[in-house]
Every structure is written in C-alpha cells, then in structure tokens.
Amino acid sequence: MSPYGHLLAPITVRGKEIRNRIVSSPHATGWEHPGGLISDKEVDYHVRKAAGGVGLVMTFGSASVDPTTAASYGAIALWNPANEPQLRRLADGVHAHGGFVMSQMTHMGHRGSSKVALTPVRGVSDLPEPEHREVAEPLTVAELHTLAERFVEAALRLHRCGWDGAEVTSFALLIEQFWDPAINTRTDEYGGSLGNRMRFGKEVVAAVRAALPDDFLVGFRMSLDQRSGGRRIGTSTDELLTIATEMAATGDIDLLSVTGGDAMTRPALSVAMGSEFVPPVTAGDAAARVTAAVDVPVILAGRVNSGPVAEATLAAGKADLVAMTRALIADPDLPRKLAAGERVRPCIGINQGCIGRLYQHFPIVCSVNPAIRDPQLEHVPPTTRPRRVVVVGAGVAGLEAARNAALKGHDVVVLERAAHLGGRARLNAVHGWRPAWQQYLDHLAAELADLGVPITFDAAGTAPEVLALAPETVVLATGSRLRSMPGPLVDADEVIAAPPPGDGVAVVIDDDGGFVGPTAAAALAEQGWSVTIATPLPALAAEVDATQVRFVHERLLKASPTVIPDVRLLPDPGPDVVLEHVLTGAIRTITAPGIVAVAGHRQAENALRGELLAAAPALDVHVVGDARAPRGFDAATAEGALTGAAIP
Ligand SMILES: Cc1cc2nc3c(=O)[nH]c(=O)nc-3n(C[C@H](O)[C@H](O)[C@H](O)COP(=O)(O)O)c2cc1C
Ligand code: SF4
C-alpha cells in the first residue's frame, strides 16, 4: 500500500477529476516576458510539471488583468490578446500529460511599481505601501466596476484557450488591500465596515462565476496571516478566517487557496515563502480551521515541502489539496517519484535560487535543480563511448559534475582532499546557519552511490595521483580560498568552523554581504569577542534576499555587533585595521583588534590545472565552480552539472 494514500488520491471538483492532491501554486519566474508576453520557456516549464504528475498546475505569478497593473515584476499580461497562442499551447501541453491548468488573475494595487511605465500605480487609497513605498492614485468606484469586468475578460480568454479555470488572487494584492483597515481609508461603499471592505473581492468572483460556463473552475487565493513576522497592522487572522468563510459561502468559488504570511513587509514575506528558518506547513493550524468551516476544497501552501509532510498535512485534515510549489521547482517529477517509491530531489528551502533571486530582480533558478535554468539537462543523451573521468573536489560543483557525467554512462571517480564531501556547502550545513544544505549533500551522495561512483576521501589531489587514474577527462572543482593580503587576516570560513575564544575586539570584514560574515560574527560573539562588522556595502547582509535578511538581523541581536557600512579594508601589515570610506575616502582605524576575519575576497584554487597540463598536454581538463571563479552555490551546481553533461 502506498504511504501516500491521501496525497495521491484523486479529487473531483466541478466534475473534473484531478488525479492527485498535488498543486503547483502560481508563482512568478522573472524570466523574460517583454510586454507581458508568455515565453516558450514559461510554457515548457508549466507543461513539465504536468509531465511529472502534478494534478493541478496553477500558472504565472501576478498575471495582470489590466494594463494599469502590468508594468512591474515582468508579470504576464492576461489582458493582452497576443498571448492567446501561447495560452493554448500551455493548456494543451498540460492536458496532454493528464493535468488540469488554472491561471492566477491579479491586480497588484499599490504593490505594483511606477518605475517602469512612470505612471502611478492604482490602489485602494493613497497611503504608501510599506515595503516599496509606492503612493497609489486611488481607484474610483467606476474604475472598480471596470476592473471587475477586466477579471471577467481575462477568465473568458483563458476559457477560450482551453484552460480549466482561473484563480482570483487577493494574497498581498488589490483585493486584500481593500480588506486591510490600515490601507483602506475609503469613505465610499468600499470602505468602513468589513462588509464594505469585502465588496470588491466579492464583486469580482461573482462577475467571473456568472460569465463563465459551469465547467470552468473559479479559485480564490488569500493569506490567513497578514500579521506574521511581527507586523502589527493588517487584517487579523480571526477577521481573515471570517473573510475566508464568507468568500466560500458566496457559492462563487470552487477552490479556496490559503497561505501564511504576506508580501507587505519583509518579515511577512519571510513567512509566505518560508525558508528553512520557518517551520514546515506554516499556516497549517489556520488552514485547518478554514477547512473545517467551509464546504469548498481548500488548497494549503507554505512549506509543504516533502511527500511525508504533505501526506501528514492531508491526513490531519488541514487541507484538501497541498501546494508543493518549491518542492516541485526542486523536482518536477515529485508526484511520479512518490508514486513509484523513487528518491526525490529535496527542496532545501534556502530560497536564494528562486524567490530570493526574484526579489533581487533576477530570473529564478534552483539551487539544487540546475535544469530550471538549463532545461536541456533533462535530455542529455547517453555517451556512445564511455570514458574515464576524474573529478577533483567533492563540493556541490564536483558532485554535480560527477553525477551528470555518470548519468551519461562515463566511468567516474571523485577525489576529495577532506574526510567528507560537501566543501563550503557542508561548512554551511554543519557549522553555519544553513543546516538544509546537508539534505542536498545527502541526496547527491545517495545518487552517486546508486550510479556506482566511488569517492576517495583524504586524497592528496596532486597531478601524479590524478594521472595515476588514467583519466581522459578531468574536472577540477577544487574551490577557492581567501585571497592573500597583508596583515594577520583569517578566513571567515575557518572562524565559522572553529571560532577561537577571546574577549577583545574582533573585526569581521564582510566583502560578501551574505550569510558568511554575520555567521562568523555571531560565532565570535558567542566565544566572548566584542565584534565589529565592516563592509563596503551600504548595509549589513545587503546581499541576503528579502525573505531571509530578517533572520540574519535576529540572529545578530544578541551579538549586537557594531556595523560600519561603506568601508573597505586597506592593505596594511597590521596590527591595526585601516578602513577607507568607499564614497568619501575618509580613513578610520581600529586599533590592534584581537582577530580580523574576512568573508569574501576569495581566489580560485586551480593550480592543479597547470600541473596536469604540464605533465599531460593533451588531457581534457575542465575547471568548474569557485575553482574557475568564486561565485557561490547556484553558479557552482549549474556549472558542475553542465560540464558533466557536456563530456561527449
Ligand atoms: C519564485 C516564487 C515566486 C512566487 N510568486 C508568486 C506570485 O506571483 N503570486 C502568488 O500568489 N504567489 C507567489 N509565490 C508563492 C507560491 O505560490 C507559494 O505560495 C509559496 O512558494 C509557498 O509554497 P511552497 O512552500 O510550496 O513553495 C511565489 C513563490 C516563489 C517561490
Ligand atoms: S532554490 Fe532552494 S528554496 Fe527554491 S526551490 Fe530550489 S531548493 Fe527550494
């Protein structure tokens, strides 16, 4: 009997039998959508999920119903008829693989951006949006009536193009902004009482339901926890539960999609797209209350991140279906693999590849699934001539290279200098703040074991040792080290691995802006040091994305370091630390600190390449990851995978 009896059971909604309870909830990809037009990559991406067995594929991020909300975040323009051919292709593709498909339909209200079109965003009131600080031009009553019609037009377009349904979204967007008394200061029939504040959302779903045929699914999406992450204003959860119940009671919606968190502030965002610092099934308790109170199927989203977690969520009656959105980014074959009892590539919930990049205005990738950026990795033909491949270095770049080369049929061995695999990812997992990296390392180790790839630990990794293995191809994934500079500097990695005790002043030079500097600072503070963080960036942890930066600040609260922004370390033999302001050139000196740890300032470690080629000039040698140029994990996994897959 399947351990996923609840998760893999079909459910019938409006006569449509959805093959399982697994949903990919709507999400933006940040991929190129000039003019809001749907790209081929976007179509293929959603079809791929259906091919992996997802029951209900919900598409796009904030797919806009009206040009007044089209100009931000590369949203898909549902209002644009030019999208119809791609919409048809997408629906046909999902259906061909046995899935159902619905699109999100949105107006972002004051969460949009005026920066692209330079026209004002349109919203409920003219109160500034807290995170993006946009001041909207309030929508008139007549415009609200027109907007409800725009939702209808978008839904009709989807229906014409063969879609199964559409989801009206309030979550962090215009409809939800109407509910929130901290935003909605209107004195007309859309402001004041809860009934008035709910009016626009109800009008939209009623209009869509009335205009669409009976077999078209109408969904509604909302947050159950606007005050998460310590936000003091926003609609209370009790009020949101009332709203959820009332929306379901309208009889106009077929699926109610609920989630925790919000996008009004970074702390709320950190809950909506919870990283490993947020417990699984984030809004499970509130969702359970809704599920018990309404008689439409409830979809729950928010860190339902593995088969067992999803099964337990459904078994406990917390929802009728579960969104497993990031889990499906990490492995679109998750439904098929769960059914077949195969190993699933885990979403490690670190967010830096997907939502983290989106909030930094970069297209999404996945830290553990390089095929999200490079889909060709899914169709690598087997080699016609297996060759001996030696991979030097068992960090994520080396392990991905080894896995992909072995998948092609090559005879692969891995050499690792340390006594364990994982490189800097392991450092993060074991000593840093990112334990979830270990799940990915365990996954890669299991994959290599299945593929019969041996890993030699405590290897010298010298040219003679490599050449003794008679390789035809060598992949160097030997990582990076601290660039040598004058002065008694130590690598922040070493401090994280083994923080020295002390009670003097410790300086952390954070050139990286990520987790490493703050992790080293916290480790030193725990050992008794009084810590100063100096960074050339304008703020602490400036490169950490919006969904996680809160956690860096929280973890450093106790350490309470002095932060000096906008400074760079000048070369100095010591013992003082001399800092130069990057804008004014002003000099500041910290006298003889007890320790100076440096995060960033890294240099590729790849001398072995020259040594190998000196001894064997015809050898095929590739350098990947930080060993090629220090960049970070997402680049390392992608480059390792692509290099392994490209060995002919
Ligand atoms: C990259 C990314 C983009 C997202 N964009 C949207 C969006 O545009 N609209 C929306 O309602 N939810 C969006 N979400 C939220 C997801 O639909 C989902 O609620 C969230 O990822 C939590 O579910 P999970 O833990 O299964 O990933 C996005 C999530 C991710 C990871
Ligand atoms: S980037 Fe990270 S959080 Fe996002 S889907 Fe991939 S593994 Fe999960």
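Trainee: Which strands make up the closed barrel?
Mentor: Eight strands form the closed barrel, in the order β3-β4-β5-β8-β9-β10-β11-β12, with parallel pairing. From one strand to the next the twist averages 25 degrees. Strands are DSSP runs (E, at least two residues; helices are H or I, at least four), numbered from the N terminus, and two of them pair if DSSP finds at least two bridges between them.

Trainee: What should I know about the model and its numbering?
Mentor: This is a predicted model, where local features need pLDDT of at least 70, side-chain atom pairs count only at pLDDT 80 or more, and totals for chains, interfaces and linings use all residues. Residues are numbered from 1 along each chain as its sequence is written, while chains are lettered from A and ligands numbered from 1 in the order in which they are written.

Trainee: New topic. Where is Ala 616?
Mentor: Ala 616 is in the loop between α20 (607–615) and β27 (620–623). Its C-alpha atom is separated by 9.5 Å from that of Ala 463, 153 residues apart along the chain.

Trainee: Why does Ala 616 count as partly exposed?
Mentor: Because it has 15 C-beta neighbours inside 10 Å. Buried needs 20 or more other C-beta atoms within 10 Å, exposed 12 or fewer, and partly exposed is in between, with C-beta atoms placed from the backbone.

Key. Axes fitted to C-alpha atoms, helices over the stretch in contact; angles between N-to-C directions.
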